[in-house]
Amino acid sequence: MTDEQERVQPSGVWATAVGVARVRALETERENALFRDPLARAFAAAGGLWPSSPPLPDDEAARRRRLAVSLSIVIRTKFLDDLLHQACASGVRQVVLLGAGMDSRAFRMDWPEGTRLFEVDTAAPLDFKASVLRQERAVARCERITVAVDLREDWPGALAAAGHDPAEPTAWIAEGLLIYLSEDAVELLLAHISTQSATGSWMGLTLGSRGVIERFAAGAVPGSAASMWISEMPDDPVAWLAGHGWEAHSRSLRECAAAYGRPISTPSQREEQPGGLISAVRR
């Protein structure tokens with residue numbers, strides 16, 4: 001039986017990771033791409049989203065929402081790439097991707113010698129991903145370790161069993177994850193991260209900006225990513241993270257987009273607030 005025949009098709013929240021891969025594949029084809037993800041197209045194709053995606057409502061408001069979500073994925077990917085480069089430059093050699101999905105950073109980024117990258121996710125997306133990686137004969141550029149565990153379970157224990165050392169600094173990435181978790185689950189996740197983080201650890205988070213659920217989720221197509229969003233960022237994310245022992249900096253999507261040469265031309269619908277893209281260091 002071939003990998004394609006064995007492959008479990010995406011469903012539920014993790015299916016959104018294939019949609020993210022499609023956005024990254026489209027960005028990769030741009031002449032002025034902010035990043036190159038050569039595996040993204042294969043992930044999207046395996047999930048049935050390449051070369052085209054299923055038809056969606058085509059009214060102007062829906063089209064604008066899709067473009068906004070796609071841009072946010074591109075900008076956050078670049079933002080977190082940069083954060084990981086900074087973390088590695090500071091000496092970090094452990095990286096943990098929480099809810100890793102179709103993330104291919106282990107394969108597409110240049111890593112310092114000795115880097116160990118842990119991908120934490122449930123078994124279904126990791127198995128799907130493994131079949132595509134075998135098909136593409138992909139070779140990781142660092143030591144890559146997959147940890148199949150639900151983040152609602154004892155993932156710190158599973159991560160430790162896989163070889164993570166909490167006594168050494170770690171770079172943690174939670175990309176496009178927290179918006180799907182309840183506020184209590186977000187707090188518990190952050191508490192676990194903080195407990196496992198030595199001084200000098202880094203963290204990159206993406207948070208749903210205030211009002212994003214009102215603007216996007218209310219009229220979302222059932223089963224779409226936006227229909228499953230339930231959590232927005234705190235009013236003051238910097239103070240929130242300081243309470244957990246992190247020195248954080250927050251930037252808005254609009255601010256980062258302008259810095260990366262992709263300015264958002266449409267006016268903000270509300271007063272622009274910092275947040276959404278968070279970098280933090282454990283002091």
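Reply: First a term: buried means under 20% relative accessible area, exposed over 50%, and partly exposed in between (1.4 Å probe, protein chains only). This is a predicted model, where local features need pLDDT of at least 70, side-chain atom pairs count only at pLDDT 80 or more, and totals for chains, interfaces and linings use all residues. Residues are numbered from 1 along each chain as its sequence is written, and side-chain values use heavy atoms, with hydrogens and water left out.

Me: Is Arg-30 buried, exposed or partly exposed?
Reply: Arg-30 is partly exposed, at 37% relative accessible area. Arg-30 forms a salt bridge (side-chain nitrogen of Lys or Arg within 4 Å of a carboxyl oxygen of Asp or Glu) with Glu-27, with the closest N and O atoms 3.9 Å apart. Glu-27 is buried, at 3%.

Me: How many salt bridges are there in the whole structure?
Reply: The search finds 17.

Me: And what does Arg-24 meet in a salt bridge?
Reply: Glu-175, at 2.7 Å, N to O. Arg-24 counts as buried at 5% relative accessibility, and Glu-175 counts as buried at 11%.

Me: Which residues are linked with those two in a network?
Reply: The salt-bridge network links Arg-24, Arg-76, Asp-81, Asp-103, Arg-105, Arg-108 and Glu-175. Within it, the side chains of Arg-76 and Glu-175 meet at 3.1 Å, N to O.

Me: Switching to the sheet. What is the strand order?
Reply: The order is E3-E2-E1-E4-E5-E7-E6, in an open sheet of 7 strands with mixed pairing. Strands (E, at least two residues) are DSSP runs numbered from the N terminus, and two strands pair if DSSP finds at least two bridges between them.

Notes:
Helices (H or I, at least four residues) and strands (E, at least two) are DSSP runs, numbered from the N terminus.
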